[in-house]
Amino acid sequence: MERDDIGGLLARVALRDRNAFSLLYGRISAKLFAICIRMLKDRGEAEEALQDVFVKIWHKAGSYTGDGANAYPWLCAIVRYHCIDRLRARRPQGEDIEAAIDLADLAPDPEQHAMLRSEGGRIDTCLEALDPDRALAVRQAYVEGLSYQELADHFAVPLNTMRTWLRRSLLKLRECMDEHA
């Protein structure tokens with residue numbers, strides 16, 4: 001595929017030469033389709049986009065003013081911009097600002113915030129009542145998200161021992177929380 005050929009075909013398409021349009025399609029459709037697929041990541045949408053692009057090429061061929069060497073990049077730009085427009089159209093449109101006024105605020109109100117702080121203080125107090133290794137294991141498991149195996153490795157204990165530590169520690173925490181309720 002010579003780039004000069006594409007420029008020549010594009011010039012003939014500008015004159016509404018259907019044979020030239022067919023030849024142009026045959027020579028570059030696969031490469032333009034690859035761009036569509038790469039950008040849109042959906043074969044069906046890429047096929048529709050390619051069809052739309054060739055309609056644009058048919059209508060805009062007369063606006064191409066470059067030499068033959070620049071024809072292929074010009075066509076690629078048409079494809080890219082068309083795909084970008086499709087991607088933008090996929091994004092959900094923002095809500096009307098008036099509709100946002102009616103949205104509930106899901107953040108805790110001051111009373112709930114005070115209760116959460118109090119609850120956090122009770123949890124901290126109960127964690128302090130545990131053996132320091134057990135308290136650290138509970139924090140790392142349930143706050144930091146470490147797995148049982150990671151904890152067992154960290155504390156150099158067997159996996160079943162770590163499970164027992166955590167189960168017994170949680171039972172002690174529950175008893176302590178019930179006492180301080």
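Leaving aside neighbours within four places in sequence, Phe33 is in contact with Arg43, Ala46, Glu47 and Leu50, where contact means heavy atoms within 4.5 Å. Phe33 has its place in helix α2; helices here (H or I, at least four residues) and strands (E, at least two) are DSSP runs, numbered from the N terminus. At 16% relative accessibility, Phe33 counts as buried, on a scale where buried means under 20% relative accessible area, exposed over 50% and partly exposed in between, with a 1.4 Å probe and protein chains only.

A word on the model itself is in order. It is a predicted model, in which local features need pLDDT of at least 70 and side-chain atom pairs count only at pLDDT 80 or more, while totals for chains, interfaces and linings use all residues. Residues are numbered from 1 along each chain as its sequence is written, and side-chain values use heavy atoms, with hydrogens and water left out.

The overall picture is helical. The protein has nine helices and zero strands, and its elements run α-α-α-α-α-α-α-α-α from the N terminus on. Of its 181 residues, 29% count as buried. Among contacts with a separation of 6 or more, 60% come from residues 24 or more positions apart.

Helix α2 (residues 18-40) packs with α4 at an angle of about 35 degrees, with the axes 10 Å apart; axes are lines fitted to C-alpha atoms, for helices over the stretch in contact, and angles run from 0 to 180 degrees between N-to-C directions. α2 passes α4 in a right-handed crossing, a label given when the near helix is turned clockwise from the far one by less than a right angle, anticlockwise being left-handed. On the α2 side the contact includes Leu24, Ile28 and Leu32, and on the α4 side it includes Leu75, Val79 and Ile84. By class, this contact of α2 with α4 has 14 nonpolar, no polar and four charged residues. In that scheme Ala, Val, Leu, Ile, Met, Phe, Trp, Tyr, Cys and Pro count as nonpolar, Asp, Glu, Lys and Arg as charged, and the others, Gly among them, as polar. Also in helix α4 is His82, which counts as buried at 9% relative accessibility. Not counting residues up to four places away in sequence, His82 touches Ala49, Asp52, Val53 and Lys56.

Asp133, Leu136, Ala137, Gln140, Ala141 and Tyr142 of α7 make the contact with Tyr148, Leu151, His154 and Phe155 of α8. Seven of the residues in the contact of α7 with α8 are nonpolar, two are polar and one is charged.

Aromatic rings deserve a look of their own. Rings of Phe, Tyr and Trp (its six-membered ring) pair if their centres lie within 6.5 Å, with planes under 30 degrees apart counted as stacked, over 60 as edge-to-face and the rest as tilted. The count by this rule comes to five aromatic pairs. One of them, Tyr64 with Trp74, is tilted, at 5.1 Å centre to centre and 50 degrees between the planes. Because Tyr64 lies in the loop between α3 (43-60) and α4 (71-90) and Trp74 in helix α4, the pair ties together parts that are 10 residues apart in sequence. Tyr64 is buried at 14% relative accessibility, whereas Trp74 is partly exposed at 21%. The rings of Phe155 and Trp165 have centres 5.6 Å apart and planes at 65 degrees, so this pair is edge-to-face. Phe155 lies in helix α8 (residues 148-155) and Trp165 in helix α9 (residues 159-179), so parts 10 residues apart in sequence are tied together by the pair. Phe155 is buried at 15%, and Trp165 is buried at 14%. Ring pairs also link Phe21, Tyr25, Phe54 and Trp58 into a cluster.

Arg134 lies over the face of Trp165, at 3.9 Å from the ring centre, and Arg16 lies over the face of Trp58, at 5.0 Å. Arg16, in the loop between α1 (3-14) and α2, has a positive phi of about 70 degrees although it is not a glycine. Arg16 is partly exposed, with a relative accessible area of 40%. Lys41, in the loop between α2 and α3, has a positive phi of about 60 degrees and is not a glycine either; at 70% relative accessibility, Lys41 counts as exposed.

Notes: Lys NZ or Arg CZ within 6 Å of the ring centre and 35° of its normal.
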